[in-house]
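Here is a short note for a colleague opening this entry for the first time. Please keep the structure in view while reading.

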Amino acid sequence: MWMLGPIGFTAPWLLLGLIVLPVLWLLLRAVPPAPVRRLFPGVVLLFGLKDEEHEADKTPWWLLLLRMLAVAAVIVGFAGPVLNPDRTQEGQGPLLILADGTWADAADWQRRIERIGVALDEAARAGRPAAVVSLTDLPEGPLPFQAAEAWTQRLPGLTPHPWAPSPEALAAWIKGWEPGSFDSLWLSDGLAHPGREDLLAALEARGTVRVFESPRPVAVLLPPLFKDGAIALTARRSRTAGAAEVTVSAQGPGPNGVEAELSRVTFGFEDGKSEASIDLSLPPELRNRITRFEIVGLRSAGAVSLTDDTLKRREVALIAGSEDREGLELLSPTHYLEQALAPTADLIHGTLGDVILANPDAIILADVATLAEGEAGPLLDWVERGGLLIRFAGPRLAASSVSRETEDPLMPVRLRVGGRSVGGAMSWGEPKALAPFPENSPFAGLPVPEDVTVTSQVMAQPDPQLSSRVIAELADGTPLVTRKEVGLGQVVLFHVTANAEWSTLPLSGLFVQMLERLAVSSRPQRPSSEELAGTTWVPEEVIDAFGRIKDAGTLPGIPGEELAVAEAGPATPPGLYAGEDRRLALNVAGAGIELTPTAWPARIVVEGLAVARTLPLKGWLLALALALLALDAVASLALGGRLRGARGLTTALMLGLLLPGLAGPARAQDAAADAFAIEATSRVVLAHVITGDKKLDDLAQAGLLGLSETLFARTSVEPGLPIGVDLETDELSFFPFLYWPISPDQKTPSSEAYAKLNRYLRAGGMILFDTRDGDVAGFGSSTPEGRKLKVLAAPLDIPPLEPIPADHVLTRTFYLLQDFPGRFQSRDVWVEAAPPDAEQVEGMPFRNLNDGVTPVVIGGNDWASAWAVDSRGAPLVPIGRGFAGERQREMAKRFGVNLIMHVLTGNYKSDQVHVPALLERLGQ
Amino acid sequence: MSPSADLRSGAEALAGGLPPLLAEAQQLASTVLLGEHGRRRAGVGSEFWQYRPAHGGDEARLIDWRRSARSDTQFVREREWQAAQSVMIWADGGQSMRFASEKGLPQKADRAALLAMASAVLLIRGGERVGLTRLGTPPRSGELQLLRIAESLSGAGEAAEYAAPSLRGLPAHARALFLSDFLGDPEALSQALTKAADRGVKGTLLMVLDPQEEAFPFDGRTVFESMGHTMRYETQKARDLKDRYLERLAERKDLLARLAARTGWQFSVHHTDSPAQGALLWLHGAIGGRV
């Protein structure tokens, strides 16, 4: 590769082509511009004249320059220029490529892989064997030198690990090297991990060492701490120069259970400071949902901090049996509980009924014996849904008859009458101490203090199940704490009081630890190994080096005492570990993590990631050449005077591109929809379905106009002008009533329109289907309209129908009617059927369907014709003959009035019908 | 269609086309004040010219006895020479005349037609017979002839790029007026003039040129086309041609002047950007033989 400043050329001999540029200049000059055509009668005088200077230099110099630049760009482009090319690493012999392979590498891992790839390619060209080793995943045995090509293929499988290299493993590995010299390329993650000095010395003893290191500082997020009601977030960085901003996002399941960002906060590192922190105050509901914090935009395990129980503040309800002894604080049944829980839990006070509604994590009943009738049921439900009920014994429980004969569902064991008292003035024997906790107990491993003694307790009835329910007992084997699973939850009984009356347990630290183990409270600090002794923790989720959360699969459990002191490593991968009822997070960046930047000796060559970004320029240069040629084309056209047509074309093209972007039509559509909505809702408006048959639609419009005028004249309903609705495009929900005349050849609505219609019917709308065939349709005969109606109504959500009964509310909403004539006088009018159990009260059934309004009325009497009036209010269609016909029209109008009243009043009219029966029911 | 209707429509068309040219020509002609009569010599005519003492050799019937009776000598009554002169006008109708370099300028053909018409008006007023070679008829006098001339001049020109002068219907010893740009073949003109001189015809050549043809203000790569698009000439550097073109134009003018001098004709150059009046005055004088 031939270098010219920071630019190298892969095919430098092509640059010789630049020599021809001056020749090209001359050639290009010779190309004349397009001639100007002129009409000139004197042309005859010109014949025979010769141009003295034939190579007329009419190509403007800038056009020439443009063309020259384009050609030069092509030549230079094909010469393969590369900005900041990778210099070959000189050297012979094997090449060892070391990658730290830690979480700190993960942020720019791809770049590192590329760098390793380049080094391997160079080694392959030079025929040097190579080995690629990740310090977090050291190979067994000797250094795995192989042909560099073999390593290139395995390169994509090289992944970083979310922990730091172990110094012991490094030392052992160095010892295992075979003799022989090799050069090394060390891709450092920028952190001074322990054992690094030794490794560097060992490498330098074998050959030259080059170091590749990203100048980007490493940043980590420390585990969040809960302090004074706020979450303290702390970020740390390896290099302190310059101010920087960090954005931390809190992730967790949202209300719908889907992982979402719950909160986000931005804070900044000050110049020269390696640590930045901020307090994040969140409501408990939100805070308890947070599963992890992460630095936004940093793909590294160090930027992710899983939260465990330390952030979760459980809601605990405290219910005491009696609060009447005013002033005796230390004797209060809940005093010690409050003291123990207040720092780590949110306490809820109130009556049992109220606190169950708040759905706390735990309810503690301190010496509550009997529960009210209405309380036991909900409390049991709550426990079965996963609640933790903790009961403390006391004088009342001992004196009550709860769980004596039969086991109370809310008590883990049956109790013997009376309880016992030991070590008191009136009893023999010493106060009893606690026995060590059994293995299967949640308290297993907790140290038992000598000074915890029990003087009184309630006694469990011996029972076959008793032994399995005891989780703590006294030295003499009597149960101290018993537990029973109820549904998803559990009931725990402390056989002593929650105050110091019966035992010294509440006075000891063990009490708090026991509550913790029961997951009543959670601790803000990481538990020590003593506290975790005897527990086993199974990883639930693990973090990979890139900060991605993965299911842990079947990783083995880890003893609690090891986990307490563990750092992220191969045996204890960072992640979330689950104990019995608690969760513990092991984060890459623990509270004590130190980010020491590497300090390489001056003799080591350190490459940076950013300073030497290899950038092939070929594509850019060729693109530049193309752009220049395009410019040249336009310029040539302009010079030749041929751009006039092209200009119009360009304008048209640009307009064509611009037009779809204009939102004008859409806005106009919105405005039209708004106008429609306003028109439809400013007054009560009757609507008819537009069938597409002009005559029919006009008649429907006239009919509804007549009905509207009738309503206006006779009732308090004052409708506006009727509206024809297009089922496909118009919103239906504005209309209480739709008149749908059926014609055999109307179009079947689309499925969207049917969905709209069904929504309309369910929401209380009414459709009056009119087949207009009352003269010919009858029992057993079907008309085209009737068949069409069946087709149209099939997808509709229509309830069972019945012929309108004589006592239907439609017969009496305004006028008392028995006939529903329109232009025809058929009696076949169908409405929603009454339910089979409709009650006959005084001969009138109670119907409580859809607010008492039938969603459809189906008939064939051509009501619109009978209602129809012209603009002067005169009837449009003759009905019947003479006075009888007028009477029929009047009845038709009365039916219309009844129908609209029925639609608009809902069950009010229905109730009015039943007022006598209702009054009788009320006993008046 | 009946002949009268034909006539009518023809007349309408004529009236539609003529008045502008005729009116313009008459307006132009009115600026030239004619004297009492143009001839001012004794000749055969109807108007009295003078009495002169009878010479020996005068026929007796020539003696005006009424005048002679009032004195002692005999007088002969001379009438003014009123034999009307025939003037034939050739206005070039070739394509090359349909050229105007700028919007405000008239085409060369228009200017030539205007000058021809104005001359015709003047001549007819002066009692001469005027004809147009294009009409193909002998020269006539009278207003009707004016209309005919106007109609012909307003009509479409010829298809040829450069028209050759025509001597059709030119009577011997008549006068001729050639209006053209004379950019066509000079040989044809030379022949025509020679033939005319043979017939004893004297006349006037008026070269009508556009100012652009005089100035040749072109530059750059140019394709020059004749007005009929049949001839073209391409040059890379029009500016270089200017001098040589102007030289050729001067040669052409020189040639025309020499031809005219040899045959006893008058020659002048008129540019369309200068007023037509000056040209008309010159023409009037030239035809009248006073130049």
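How many helices and strands are there in chain A?

1. Chain A has 26 helices and 44 strands. Keep in mind that this is a predicted model.

2. Chain A holds 924 residues, and 37% of them are buried. Look next at contacts in chain A between residues at least 6 apart in sequence. Of these, 76% join residues at least 24 apart.

3. Now the contact of the two chains. Chain A puts in 22 residues and chain B puts in 27 residues. On the side of chain A that touches chain B, the elements giving two or more residues are β3 (36-39) and α2 (43-46) of chain A. By class, the residues on that side are 14 nonpolar, six charged and two polar.

4. Strand pairing crosses between the chains. β3(A) is joined by four bridges to strand β7 (residues 222-225) of chain B, and the two run parallel. In β7(B), B:Thr222 is the residue opposite A:Val36.

5. Within chain B, consider a helix pair. Helix α3 (residues 108-125) of chain B packs against helix α4 (residues 143-154) of chain B at about 175 degrees, and their axes are 10 Å apart. The angle is over 145 degrees, so α3(B) is roughly antiparallel to α4(B).

6. Which residues of α3(B) and α4(B) make the contact? From α3(B) come B:Ala113, B:Ala116, B:Met117, B:Ala120, B:Val121 and B:Ile124. From α4(B) come B:Gln145, B:Leu146, B:Ile149, B:Ala150 and B:Leu153. Ten residues of this contact are nonpolar, one is polar and none is charged.

Technical notes. Residues are numbered from 1 along each chain as its sequence is written. Chains are lettered from A and ligands numbered from 1 in the order in which they are written. This is a predicted model: local features need pLDDT of at least 70, side-chain atom pairs count only at pLDDT 80 or more; totals for chains, interfaces and linings use all residues. Axes are lines fitted to C-alpha atoms, for helices over the stretch in contact, and angles run from 0 to 180 degrees between N-to-C directions. Angles under 35 degrees count as roughly parallel, over 145 as roughly antiparallel, 65 to 115 as roughly perpendicular and the rest as oblique. Two residues are in contact if their C-beta atoms, placed from the backbone, lie within 7 Å. Ala, Val, Leu, Ile, Met, Phe, Trp, Tyr, Cys and Pro count as nonpolar, Asp, Glu, Lys and Arg as charged, and the others, Gly among them, as polar. A residue is buried if 20 or more other C-beta atoms lie within 10 Å of its own, exposed if 12 or fewer, and partly exposed in between; C-beta atoms are placed from the backbone. Two strands pair if DSSP finds at least two bridges between them.
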